[in-house]
Structure formats: C-alpha cells, structure tokens
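Look over the sequence and the model before reading on.

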Amino acid sequence: MTYENLLALYQLPLFDLIDQSRAVHKEHWSAGEVQLCTLLSIKTGGCSEDCSYCAQSARYKSGVEAERLMSKELVMERALQARATGSTRFCMGAAWRGVRMGTQRFEQVLDIVGDVAKLGMEVCVTLGELGPEEASALKQAGVTAYNHNVDTSPEHYPNIVTTHTFEDRLRTIRHAQDAGMSVCCGGILGLGETIEDRLKMLEVISSFNPQPESIPINALMPMPGTPLAENAQVDPLDLVRMIAVTRIAVPKAKVRLSAGRTMLSDEAQSLCFYAGANSIFYGDKLLTAKNPAVEKDRNLLAKLGLGTQLPNPEMEAPACDPTQESSPACCGCDH
Ligand code: SAM
Ligand code: DTB
Ligand code: SF4
C-alpha cells in the first residue's frame, strides 16, 4: 500500500479507522482467535551491533551479560514447557549480527532446530543476517518462519543503527523468502520516529511480495544504559492506530502485539485485539525483558472470549503475487 493511502487511513477519526480494520479482520480472521508464541533467547547479549534500543548490544552497559549458546537439552526443555502451556509457535532468538554456513555455532543451531521442529509447533528463529545458503539450511532443518524486522523507516534507520543498513535487512528477508520460509517482519514504535516514519516502514513491509506471514508491532521497552533509555512511552492509542492500519494494509498477516505489553492496561490491549492484533508473545519473559505472566494473559483472553489458534507447522510460505510489482524483497521470480 502506498504511503499516501496509508496516511489517509491513519488520519481518519480513530473509530472510523477501527471500523475499517475490524471489517478486514473479520473477513480474513473470522474465528476470533489469538496465536500464542513463546520466545526464548538461545544466545543472549554480547552482540556486535549497535541497535540503540537493544539491551543485548555489547556497546551499552545495560546489565545484560554475554552468554554462550544454550545447550540443545535446555532448549528442548523450554520448548516442551512452552507447548505444555499452550503455545503453538516457538521463537528462538540469538544476539548475533548473523550466521555463516560451516561455523560450529550455526551447525549447533541447525541441530537444535531439527529437534524442536519435531514437537509439532511452528518454529521461528531470529538470528540476524542470512545468505541464501544459510536460509536454505534453516528451511531444510524445519524452520517455518524467519523473524527479521525492518524496525523503522529507511530514512530513520541510520539514526538507530550504524553497524548494518536497512538494505542489509531487506536482503536477508529476500533470502529467507527465496528459501521458502515464511517471513515475520515488523518494527518498533518509540524510537523517536515521526508518524511519517511509521507509515514509510509499513509501506515497505506491505510491499513485500509475498507479504509477510506475520508482523510484530513492538513498543519500545526502554533499556537502561542504551541510548534510548530515556525515550517517552508510546501512547497506547498510537499503537492501536498502527495495528489498525497494519491490519488493513496486510490483511492475511498475523499482526503480533509484541514487546511492551507490560506497559499496557487490559483495556488498551483489548482495543489492540479489536483493531486487528491476533498474536502475542506468551510467557513471562521476552528475550531479556519482562512480559505478562501466563495466568494474566489466560484471564484476559477468557474475559474477552477469545480462543487460541492451533499450530500449523506444515504451513507453506505465502505465495508471491504475480499481479503485484516486484519489490526489494520480492521472491525473485521472473514476473
Ligand atoms: N539479532 C537479531 C536481529 O536483530 O534481528 C534478533 C534479535 S532482535 C532482539 C529482535 C527484535 O526485537 C528487534 O528487531 C526489535 O524489533 C525487537 N527489540 C529489541 N529490543 C527491543 C526493545 N528494547 N523494545 C522493543 N523491541 C525490541
Ligand atoms: C520481535 O519483533 N519482538 C521480539 C521478537 N521479535 C524476537 C523480541 C522483543 C524483545 C524485547 C526486548 C528484550 O526482551 O530484550
Ligand atoms: Fe544485536 Fe539484534 Fe540487538 Fe541489534 S537487535 S544489537 S542485531 S541482538
């Protein structure tokens, strides 16, 4: 969707915008269900990159210590726990710039993924930059989705990260799509961006061909010691507006209400679900930061009468749409 169209939606009175997003949501997601995803940081801290929101960058004194890659046994234990609490997607994150074929750590990740993939949940990983070979190896090992966020607009990105570029991010997304993985790609609100930046980010994400299978919308959790530690909290109604526009721009995607839910009231979260969010991170920890307790989320979903989605580990990556223009992250077909 073009920037102009996104802006026109964004500028609607909030209830008119939500009327539209609700209609799109009901057309594509009639069941009224929320996907539960559990996150696990399999390699925490000590990252070479300088993403100014992130507690895991080695450049900032955030109090997060660098750890080694978790053992497969421990990851399996956590994955089984996640399945037992009702999660249908297991997302493993690593604080790396990226991964390379032939390195011991990548071999170890492939081995872990292979076993997690046998548990019947969707398997998502977020390991930073990938080339075509790494992407194929992950797909082969059983990964269903690759998470790689663009995080903000191309224009604002260099103010937030200097150790890699927005184009680097797009390249990795392209490699993940070419390998047949679904792509999970979203961003963060609260990085000092303008509304224009938020919508330019969405313009990029919605122009992917195929469009992403899921879109995490994070609200910055300000991390002590990082350059953005003192940023103001995102206005919950801005989050609702962004979710509504995302739902309209990418109707078939799971729109994930992601980091920052501990700062939201039940009522604000409810409005996010009403406006089109249908996925959450579930379990009391994100990667390093807090998330609402399982019990609290269960209560909220029960109060709203929302069910939970079943896993779809066999899911096919969304197909490229030949009627749409090629975009930087198009699947690389010949159309
Ligand atoms: N290293 C990999 C990468 O950068 O893609 C994977 C891990 S990284 C922590 C995954 C995503 O978490 C980031 O792209 C960002 O959207 C989100 N994130 C990280 N720190 C955050 C924070 N303090 N508040 C909100 N979201 C955050
Ligand atoms: C995403 O968009 N949000 C998740 C997941 N993808 C990997 C990560 C949120 C991280 C929040 C900060 C932390 O836990 O350190
Ligand atoms: Fe490293 Fe990812 Fe954090 Fe950036 S967001 S510092 S790449 S872990």
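Is glutamine 35 buried or exposed? Glutamine 35 counts as buried, at 1% relative accessibility. Buried means under 20% relative accessible area, exposed over 50%, and partly exposed in between, with a 1.4 Å probe and protein chains only.

This is a predicted model, in which local features need pLDDT of at least 70, side-chain atom pairs count only at pLDDT 80 or more, and totals for chains, interfaces and linings use all residues. Residues are numbered from 1 along each chain as its sequence is written, chains are lettered from A and ligands numbered from 1 in the order in which they are written, and side-chain values use heavy atoms, with hydrogens and water left out.

**Glutamine 35**

- Glutamine 35 belongs to strand 1, residues 33-43. Helices (H or I, at least four residues) and strands (E, at least two) are DSSP runs, numbered from the N terminus.

**Ligand 1**

- Around ligand 1 there are 17 residues. The closest are Thr126, Asn149, Asp151, Arg169 and Met221. A residue is near a molecule or strand if one of its heavy atoms lies within 4 Å of it.
- The shell around ligand 1 holds 10 nonpolar, 5 polar and 2 charged residues. Ala, Val, Leu, Ile, Met, Phe, Trp, Tyr, Cys and Pro count as nonpolar, Asp, Glu, Lys and Arg as charged, and the others, Gly among them, as polar.
- A polar backbone atom of alanine 94 is 3.3 Å from a nitrogen atom of ligand 1.
- An N or O atom in the side chain of asparagine 149 is 2.9 Å from an oxygen atom of ligand 1.
- For the side chain of aspartate 151, an N or O atom lies 2.6 Å from an oxygen atom of ligand 1.
- Taken alone, ligand 1 exposes 560 Å², and the protein buries 90% of that. Accessible areas come from the Shrake-Rupley method with a 1.4 Å probe; for residues, only the protein chains shown count as cover.

**Ligand 2**

- What surrounds ligand 2? There are 13 residues, and the closest are Asn149, Asn218, Leu287, Thr288 and Ala289.
- By class, these are 8 nonpolar, 5 polar and no charged residues.
- Asparagine 147 has a side-chain N or O atom 3.3 Å from a nitrogen atom of ligand 2.
- Asparagine 149 has a side-chain N or O atom 2.8 Å from an oxygen atom of ligand 2.
- Asparagine 218 has a polar side-chain atom 2.8 Å from an oxygen atom of ligand 2.
- Taken alone, ligand 2 exposes 400 Å², of which the protein buries 87%.

**Ligand 3**

- Cys47, Glu49, Cys51, Tyr53, Cys54, Ser57, Ala95 and Trp96 surround ligand 3.
- This shell has 6 nonpolar residues, 1 polar and 1 charged.

**Backbone points**

- Most residues other than glycine have a negative phi, and most peptide bonds are trans.
- Aspartate 151 has a positive phi, near 70°. Aspartate 151 lies in the loop between strand 4 (145-147) and helix 6 (157-160). Its relative accessible area is 4%, so aspartate 151 is buried.
- The peptide bond from asparagine 209 to proline 210 is cis, with omega near 5°. Proline 210 is in the loop between helix 8 (195-206) and strand 7 (214-219).

How values were computed: Polar contact = N/O pair within 3.5 Å; in protein donor to acceptor, adjacent residues only side chain to side chain.
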